Amino acid sequence: MYDLILSLHNFTRWLVLIAAVYVLWRSWQGLRSGSYQTPDRIGGVAFTSTLDLQLLLGILLLVFSPLMQNAWDNLGAALQNPGLRFFVAEHLVVMLAAVILAHIGNARVRRAASGALKHRQALLFYGLSTLLILLAIPWWRPWLRF
């Protein structure tokens with residue numbers, strides 16, 4: 001079960017990044033045109049939805065991962081180890097902040113009055129969310145895991 005969840009979490013990372021690139025590209029292009037269209041909305045929904053799936057898989061890893069179970073058993077020692085601290089504290093907190101920013105952005109985009117404002121909100125919030133994601137991905141781990 002753990003290996004399946006870890007593989008899905010790893011694979012979903014790429015879906016999140018693809019959705020992020022798409023929504024940011026659409027937002028950047030939309031700043032020029034000023035019109036907000038259905039593909040723009042779909043990009044935002046795809047980004048937040050894949051992030052939600054990634055969060056769910058991450059929560060499952062918190063429960064099923066032997067690494068995390070050992071860390072929770074002795075949290076003080078885990079926080080002294082930089083590798084474990086990354087997953088116990090840094091990765092968890094930063095990724096949660098990225099999900100929250102994406103959802104705030106989604107709500108702000110929906111409520112914005114004009115197309116140009118929708119694109120500005122999307123670029124700001126989805127951009128900050130993507131930046132946090134890029135900072136909190138454990139790039140030293142295998143890029144694809146099957």
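The model is predicted. One of the pairs, Phe 47 with Tyr 126, is edge-to-face because the ring planes stand at 70°, with the centres 5.5 Å apart. Phe 47 belongs to helix 2 (residues 38–64) and Tyr 126 to helix 6 (residues 115–136), so this pair ties together parts that are 79 residues apart in sequence.

**Aromatic pairs**
- Both Phe 47 and Tyr 126 are buried.
- Phe 86 and Phe 87 also form an edge-to-face pair, with 5.1 Å from centre to centre and 85° between the planes.
- Phe 86 counts as buried because its relative accessibility is 10%, and buried means under 20%.
- Phe 87 has a relative accessibility of 15% and therefore counts as buried.

**Helix 2 against helix 6**
- The two helices, helix 2 and helix 6, pack at an angle of about 25°, and their axes are 12 Å apart.
- Helix 2 and helix 6 are therefore roughly parallel to each other, since angles under 35 degrees count as such.
- Helix 2 and helix 6 cross in a left-handed sense.
- On the helix 2 side, the contact is made by Asp 40, Gly 44, Phe 47, Thr 48 and Leu 51.
- On the helix 6 side, the contact is made by His 119, Tyr 126, Ser 129, Thr 130 and Ile 133.

**Charges over rings**
- Arg 13 lies over the face of Trp 139, 5.9 Å from the ring centre.
- Lys 118 has its charged end over the ring of Tyr 36, at 5.4 Å from the centre of that ring.

Conventions. Residues numbered from 1 in each chain as written. Predicted model: local features only at pLDDT ≥ 70, side-chain atom pairs only at ≥ 80, totals over all residues. Heavy atoms only, no water. Phe/Tyr/Trp six-rings, centres within 6.5 Å; stacked < 30°, edge-to-face > 60°. Helix = DSSP H or I, 4+ residues; strand = E, 2+ residues; numbered from the N terminus. Buried < 20%, exposed > 50% of the residue type's maximum accessible area, 1.4 Å probe, protein only. Lys NZ or Arg CZ within 6 Å of the ring centre and 35° of its normal. Axes fitted to C-alpha atoms, helices over the stretch in contact; angles between N-to-C directions. Parallel < 35°, antiparallel > 145°, perpendicular 65-115°, else oblique. Left-handed = near helix turned anticlockwise from the far one by under 90°. Contact = heavy atoms within 4.5 Å.
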